[in-house]
Amino acid sequence: MEDTIVAISTALGVGAISIVRISGPNAIKFVNKIWKGPDLEQAPTHTIHYGHIVDSDLIVDEVLVMLMRAPKTYTGEDTIEINCHGGIATTNKIVELCLQAGCRFAEPGEFTKWRFLNGRIDLTQADGVMDLIEAKTEEARKMAMNTAKGNVSKLIRCLRQQIIEVLANIEVNIDYPEYEDIEELTLAKITPLLDQMETDMDHILNESKNGQLIKEGIKTCIIGRPNVGKSSLLNALLEEEKAIVTSIAGTTRDIVEGTINLNGMLLHMIDTAGIRETDDLVEKIGVEKSLTLAKEADLVLFVLNYNTPMNDEERQILQQIKDKNHLIILNKVDLDQKIDMELLKEEVVIPMSVTEGQGIDQLKHQIKILFDLDRINTGDFTYLTNARGLNLLKKAKISLNEVRKGIQSNMPIDMIELDLKEIWNILGEMIGESYEEELIDQLFSQFCLGK
């Protein structure tokens, strides 16, 4: 890298310590210009030095400087981290002096981008770094750490290795047919290899559904007709009065949201408008939004009234959600039964009296069972979690099916070779073995400044 970049790597604000990071070929030289202390250009790598940042003869701050020489640094370039006193004015002044000394202000994610370009990490590991920054639960942190360490990359590289071995064998068969000691790789012999690759791809894709849940959380939609207890259920799960609760039908007209942590998994709870026929325009829009959210949710909690028979709208909803992850909340069981339980005989029903605090623990337990949260929490956390990687792996699997079709139609093996190379290239995109510069810029622009 030709430039030397600088940015604040800690949150900007009042605090005990701030860190200003400088990286590039002239990092040590430029910091030496604003530094009063031991000569940094003569100092050994991976050492910390006490001194002052100065503006001409004026002391700006008393600091510790951490010096790290290439290539064993975060970016792979010479890097200095100035540990100064926290505070907006002091930190900004140090950055200003670095810019005057010759540095360029870093773009968001540029330090990690350099780390990738210098071969210190691949794209999948870079995704793990981003996930690590954004992790909101212990499980999300573990998963991100596994990705950042390269455990996911190993799975992808293993798939690529299987393909390259097949390609090498095909090349030898085509170019050197006289080598009788080299196994001739026929279409029939390729099929078991394709079976194994497809199994591996399916395993990664299936397990990555867990990764998405850990990273994004479970989008949970509470639906039901007015006054059935949806808002009370939301408040009980959140353990706060988030939603307004009244006996007036149609009180909730827009969505009310909150998040709970269940076994290390985030549940993004959405309380929706009561579903009923209405002439009120605002309430009608709320009802339509409720139905849309139910279709998009990972989990639907359908609340019914134990004290009221099911109506036609509720029966229709029951049919609409039967193929989704859902649980039936039978609220107000402290009242007389009027609902026909025969209609719910094939459903998982949680009897509750939300106002009495009855059934909350059982509901949480059933959610754990439904999403197998105990297994997820004891798994190896080796998942693909970003949409880019998942889409590329799905694309690779489609190409794999094209190879199968080619074999079934008895295509020449050199044509099969081209399709296999396509899969190999797609998997290479996942880890950054091949990439477009615009894509890289876009990916790393999503990082925060100073990372």
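Q: Where in the chain is the place of proline 71?

A: Proline 71 sits in the loop between β5 (58-68) and β6 (79-85), where helices (H or I, at least four residues) and strands (E, at least two) are DSSP runs numbered from the N terminus. A cis peptide bond, with omega at about 5°, joins alanine 70 to proline 71. The model is a predicted one, in which local features need pLDDT of at least 70 and side-chain atom pairs count only at pLDDT 80 or more, while totals for chains, interfaces and linings use all residues. Residues are numbered from 1 along each chain as its sequence is written, and side-chain values use heavy atoms, with hydrogens and water left out.

Q: How many helices and strands does the chain have, and what share of the residues is buried?

A: The chain has 15 helices and 13 strands. Buried means under 20% relative accessible area, exposed means over 50%, and partly exposed lies in between (1.4 Å probe, protein chains only); by this rule, buried residues make up 49% of the 451 residues in the chain.

Q: Which residues other than glycine have a positive phi, and are they buried or exposed?

A: One of them is serine 56, with phi near 60°, which lies in the loop between β4 and β5 and is exposed, with a relative accessible area of 64%. Another is asparagine 410, whose phi is also near 60°; asparagine 410 belongs to the loop between α13 and α14 (413-431) and counts as exposed at 61% relative accessibility.

Q: How should I read a helix such as α2, and why do its buried residues line one face?

A: An α-helix has 3.6 residues a turn, so residues three or four places apart point the same way. The expected span of a helix is 1.5 Å times one less than its number of residues, and for the 14 residues of α2 (residues 88-101) this gives 20 Å, which agrees with the 20 Å between its end C-alpha atoms. The buried residues of α2 are Thr91, Ile94, Val95, Leu97, Cys98 and Ala101. Seen down the axis of α2, these buried residues fall within an arc of 155°, so they line one face of the helix; the arc is that of the directions from the helix axis to the C-beta atoms. The face turned away from the buried side carries the exposed residues Ala89 and Gln100, and just after α2, glycine 102 takes a positive phi of about 130°.

Q: What is a nonpolar core, and which residues have the most contacts inside the largest one?

A: A nonpolar core is a set of buried Ala, Val, Leu, Ile, Met, Phe, Trp, Tyr and Cys residues joined through side-chain atoms within 4.5 Å. The largest one here has 30 residues, and those with the most contacts inside it are Leu233, Leu301 and Leu363. Helix α8 (residues 230-238) gives the most to this core, with four residues. Contact means heavy atoms within 4.5 Å, and, leaving aside neighbours within four places in sequence, leucine 363 is in contact with Leu233, Leu237, Leu301, Leu327, Ile329, Ile350 and Met352. A second, separate core of 28 residues includes Ile163, Ile170, Met201 and Ile423.

Q: Are the partners buried or exposed in the salt bridge between arginine 388 and aspartate 127?

A: The side chains of arginine 388 and aspartate 127 meet at 3.3 Å, N to O, and this pair links helix α13 (residues 387-408) with helix α4 (residues 123-134), 261 residues apart. Arginine 388 is buried, with a relative accessible area of 15%, and aspartate 127 counts as buried at 14%.

How values were computed
A salt bridge is a side-chain nitrogen of Lys or Arg within 4 Å of a carboxyl oxygen of Asp or Glu.
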